[in-house]
Amino acid sequence: MANRWLRPEVYPLFAAVGVAVGICGFQLVRNICINPEVRVTKQNRAAGVLENFDEGEKYAENFLRKFSRNRAPEIMPSINSFFADPNRG
């Protein structure tokens, strides 16, 4: 049975599923640990609605969002400009 699933053709599938599970796990841990709207303990849940705008802003404006805010939404900008620029060549 193991020989059927451990063929080299299946490795990319395992890698893709592993990356997807890793991203989901990272997001789950991130939300449970540092999201200001998620309250795990009973004492924090009893506090009701909190007016913690600074903490929410800090959570929403993370490093990746700040880094990518003023960048063009391109994966390979040099290749895109090479093929899309009508003045070239």
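Colleague: Where is Met 76 found?

Modeller: Met 76 is in the loop between α5 (63-68) and α6 (77-84); helices are DSSP runs of H or I, at least four residues, numbered from the N terminus. This is a predicted model, where local features need pLDDT of at least 70, side-chain atom pairs count only at pLDDT 80 or more, and totals for chains, interfaces and linings use all residues. Residues are numbered from 1 along each chain as its sequence is written, and side-chain values use heavy atoms, without hydrogens and water.

Colleague: What is the secondary structure of residues 12-29?

Modeller: The span is 100% helix and 0% strand, with its end C-alpha atoms 26 Å apart. An unreviewed UniProt entry annotates residues 12-29 as "transmembrane region"; such annotations may be inferred rather than shown by experiment.

Colleague: What makes up the lining of the largest pocket, by class?

Modeller: Six nonpolar, three polar and two charged residues. Asp, Glu, Lys and Arg count as charged, Ala, Val, Leu, Ile, Met, Phe, Trp, Tyr, Cys and Pro as nonpolar, and the others, Gly among them, as polar. Helix α2 (residues 11-34) gives the largest share, three residues.

Note on methods. Helices (H or I, at least four residues) and strands (E, at least two) are DSSP runs, numbered from the N terminus.
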